[in-house]
Amino acid sequence: MSWTAAIGLEVHVQLRTASKMFCGCPTSFGAPPNTQVCPVCLGLPGAMPVMNLEAIRLTVMTGLLLGCRIATRSRFDRKNYFYPDMPKNYQISQYDQPLCLGGALDIGPAGARRSIRLRRIHLEEDVAKSLHYGNSSGIDFNRAGTPLMEIVTEPDLRTPEEAHEFLTELQRVLEYGRISECNLEEGNIRCDVNVSVRRGEDGALGTKTELKNLNTFRGVHRALAAEIRRQIAVLESGGRIVQETRRWNDAAGVTEPMRTKEEEHDYRYFPEPDLMPIELSAEQIEVWRAELPELPAARRVRFVAQYSLPEYDAGVLTADRGVADFFEATVRICGRPKSVSNWVMTEVLRFLSERGATIGHLPLTPAALAELITAVEEGRVSALAGKEVLADLLERGGSPEDVIRAKGLAQVSDDAAIAEWAAQAIAQHPGPAAEYRAGKAAALQFLIGQVMKLSRGRANPKLAAAELRKRLDAG
Amino acid sequence: MSSPAQWTLTETRDRLASREVSSREVVESVLSAIERRNRELNAYVSVNAEAALEEARAADERRARGEFSPLLGVPIGVKDNIAVRGEPCTCASRILQGYRSPYDSTVAARLRAAGAILLGRLNLDEFAMGSSTETSVYGPVRNPWSAEHVAGGSSGGSAAAVAADLAIAALGSDTGGSIRQPASFCGCVGFKPTYGRVSRYGLVAYASSLDQIGPLTKSVRDAALLLDVIAGRDPRDSTTLDVPGLAAEAALMRVGAADLRGLRIGVPAEYFVAGLDPEVERLTRAALRRATELGAQAVEIRLPHTRYAVAAYYLIATAEASANLARYDGVRYGLRVAADGILDMYGRTRAAGFGLEVKRRIILGTHALSAGYYDQYYLRAQKVRTLIRADFAAAFERCDVIAGPVAPTPAFRLGEHLDDPLKMYLSDVYTVPVNLAGICALSVPVGRTAAGLPVGLQLIGPAMGEPTLLRAALGFERERERPS
Ligand SMILES: [Zn+2]
């Protein structure tokens, strides 16, 4: 029998709140060290925490998006351990009464979706950041007290690839829900993973090990792959897996022992006496439920039904909430969903990926794109010229009509001008002209292309074809 | 005319308002009293004389301009575990030597807003852990009535300063009796408000679910006035209660002084048991008799879980303390003992920075929360807490206030209990149930022992029962006695 792995994740997500979890300090990234601090997040004697309700709302929204049960009563606890990055030497977290319980997230290709069960989601505060110099260390408390949401899965994932896919899908949900900036470089999402292996698919889970502080999805994938290989090798050589916490050595590509179960902290959790329990009324939860955004999977299905888009288009457009919103805003103005889809999927998305930009930061507005698409569809500007106009709008914004006018790209339907370009095309390319006369109809397409080239895309292609045919048939 | 330092708070306020005296004169009078007696009593650990005089001058100018605020130019002493911006806040511990608070506690901010001058820091047991102010790194506070006796604790500095006229009034904190017991030992009024009545923001936490700031004063009216200034909902402390303002002093104005007609006073059998000093019992019963003469009705009540209170208290308080005191690690402020590596630094700093009693409580609390012990200690203590709360709720069905002793004995001798922590803990038996239940209580002087030591009577009210409690206390209040 072959080996099966059972993988569970603990995902720490920095929430998108303006202020910290228990004080009014801002959460913005990159400020000079220790400039976003106060008595509360420095843990000064006598300071007391006050709950950030927006963090509670975002956690409940996440729970609702992932199908969790929302606790109408939950509370904060103190998790005690000494750590220089932790101002109070205890972390305010949630132990046995988290905000959200259960829930699931589906992964896998259409037709073979698999539900990964969640155990719980709770809220806690982040720690500070140590900076190490030659022979001294400093601590930057700007991050201390930032709201952190921890999502804990059941050990339902079977491969490193599945873990990676889960994280990607989760990131999409969090972005869709405007829960987190999901900026991995700034450490917005951090992972602890636990993994065990066993023979076959059934039976009791093997002894698990835990890997801490993986900051990239790729890191999660690599660390899991290495740890699974290690566990299988140990077991196949007759050894035993020790329950322990291990560290991922990215450079060496191996996991290393950190501490065994016996050395684990006793966190001595007890209810945080400085905060009242969190009580959420059913009405409050319903108000938040009504504010939930449509999730990617549901939106994909709706796009196919409502706009008659191919599955593929719907999938691409809904992968990013901003892109899907942009698409729908454009269609609301000009209709023609398939045209809009084509323009967004090709020109707009290519531009975004080239620049590494997000759609929210583009100068192009849905109104401008709608106007341009209408102009192309109505023949006022050719498709080729339309692309040139769009390139300009993507860079600088503005109105398509202005760009068309400024660049002289309005489609030319003037007979004299088209006749001139047609004559030139035939004169410059006698070969294809002869082929057409000999009955090879395809040669006409080449000549139309030449007319478009001579007119810098402005010639009305239908009129150009008619003019060429007239001249070639006559001559 | 007596010197201003001897006046009560309300008296001082009224005489300042009528321009009979200036703030400068009041502050000078208090400073000279401190000058005369603080070396002996050790009540203040620091006094900011120059700043106080400067603030007094400013207060007099404001008053001359016609400004009025309830405590304009009145000097108040503050226990050294309540943060005042720019002032030391050492909690009488070596580990916080050199630390100055960069921010104001909410009570300090409210006192300032009311015009008060925060002129000095008052001695206490280290981190408020103790019942005698003997665990202070600054040495013990002496009882103003007898230098061989303790002032009580942990707010011993506050109680001694007020009783000996080294302060017009003072703030203390009460976690298990730390305001009431020293008030009883020193002969002043000490008020522990309902949990949540006064903001704890800026009070250095000992046991967060039990701590409460309150006044130590020369009269019941003074306690009402000071409570009016410091009480109220605070957005920085989410455990404060959102209830209407007290206006306690105004309410007292409407009550005739010694009128206790219709008041039902509960007398718990459990508060008059073996171990209670005969003189304390005699003075307590005499006060109760006098109250019935003034129209009060004594009702026998039961508080059956009283005997579990001390054990429950010392488990919950030390458990919370073990976390609250974890931040004193030498990393950010206060004492740091250099060492190789962070763990070693933690160990050496805390070993050198904390005194014996604090270490004892941290270890006790850490143990009570440990895996395998949590259920049998911390959780069980919480269950006892629920039962004690229920005891009081049932009792208050039958009475308006509960009366009994504050402590089993008058002030004991310095060093008498130091080697026997258990005996010291057991002396908290009548005060800790109030903190466990989160209700309000006070100590009001009712007489002195043959040896001349003051004895206070404890009056306990239900949650939010401050107005009734103060009214009752007025009925028990006797003419103020002063130590010589
Ligand atoms: Zn802060």
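## Before we start

The model is predicted, so local features need pLDDT of at least 70 and side-chain atom pairs count only at pLDDT 80 or more, while totals for chains, interfaces and linings use all residues. Residues are numbered from 1 along each chain as its sequence is written, chains are lettered from A and ligands numbered from 1 in the order in which they are written, and side-chain values use heavy atoms, with hydrogens and water left out.

## The zinc site

Let's begin with the metal. Which residues hold the zinc ion? Its protein donors are the SG atoms of Cys23(A), Cys25(A), Cys38(A) and Cys41(A), at 2.3 to 2.4 Å. (A donor is an N, O or S atom within 2.8 Å of the metal, or 3.2 Å for Na, K and Ca; water is not among the atoms, so sites may look incomplete.) Along the chain, the donors are spaced as C-x1-C-x12-C-x2-C. Cys25(A) and Cys38(A) link distant parts of the chain: they sit 13 residues apart, each in the loop between β1 (3-14) and α1 (53-65) of chain A.

The angles between the four donor atoms run from 101 to 114 degrees, which makes the arrangement tetrahedral. (Four donors count as tetrahedral if all angles lie between 85 and 135 degrees.) Both Cys25(A) and Cys38(A) are buried. (Buried means under 20% relative accessible area, exposed means over 50%, and partly exposed is in between, using a 1.4 Å probe and protein chains only.)

## Another residue in the zinc loop

Asn34(A) is also in the loop between β1 and α1 of chain A. Is Asn34(A) buried or partly exposed? With 33% relative accessibility, Asn34(A) counts as partly exposed. Setting aside neighbours within four places in sequence, Asn34(A) is in contact with Ile139(A), Asp140(A), Phe141(A) and Asn142(A). (Contact means heavy atoms within 4.5 Å.) Leu211(A) is 177 residues from Asn34(A) in sequence, and the two C-alpha atoms are 30 Å apart.

## Two helix pairs

Two packed helices are described by the angle between their axes and the distance between the axes. (Axes are lines fitted to C-alpha atoms, for helices over the stretch in contact, and angles run from 0 to 180 degrees between N-to-C directions.) In chain A, α6 (residues 311-318) packs against α8 (residues 337-355) at about 55 degrees, with the axes 11 Å apart. That makes α6(A) oblique to α8(A). (Under 35 degrees is roughly parallel, over 145 roughly antiparallel, 65 to 115 roughly perpendicular, and the rest oblique.) Their crossing is left-handed. (Left-handed means the near helix is turned anticlockwise from the far one by less than a right angle; right-handed means clockwise.) Among the residues that meet are Tyr312(A) and Leu317(A) from α6(A), and Met345(A) and Leu349(A) from α8(A).

The second pair is α12 (residues 415-428) and α14 (residues 443-454) of chain A, packed at about 120 degrees with axes 9 Å apart. These two are therefore oblique to each other, and α12(A) passes α14(A) in a right-handed crossing. Residues making the contact include Trp421(A) and Gln428(A) of α12(A), along with Leu447(A) and Leu454(A) of α14(A).

## Two buried residues

Thr330(A) belongs to helix α7 (residues 321-334) of chain A and is buried, with 0% relative accessible area. Beyond its neighbours within four places in sequence, Thr330(A) is in contact with Gly335(A), Val340(A), Pro366(A), Leu369(A) and Ala370(A).

Over in chain B, Gly172(B) is part of strand β6 (residues 170-173) and counts as buried at 0% relative accessibility. Not counting residues up to four places away in sequence, Gly172(B) touches several residues, including Lys79(B), Ser155(B) and Leu216(B).

Most residues other than glycine have a negative phi, and most peptide bonds are trans. What is the peptide bond from Gly153(B) to Ser154(B) like? That bond is cis, with omega near 10 degrees, and Ser154(B) is in the loop between β5 (146-150) and α5 (156-163) of chain B.

Arg178(A), which is not a glycine, has a positive phi near 55 degrees. Arg178(A) is partly exposed at 37% relative accessibility. Cys91(B) also has a positive phi, about 55 degrees, without being a glycine, and counts as buried at 0% relative accessibility.

Key: Tetrahedral: all angles 85-135°; square planar, octahedral: opposite > 155°, others 65-115°. Helix = DSSP H or I, 4+ residues; strand = E, 2+ residues; numbered from the N terminus.
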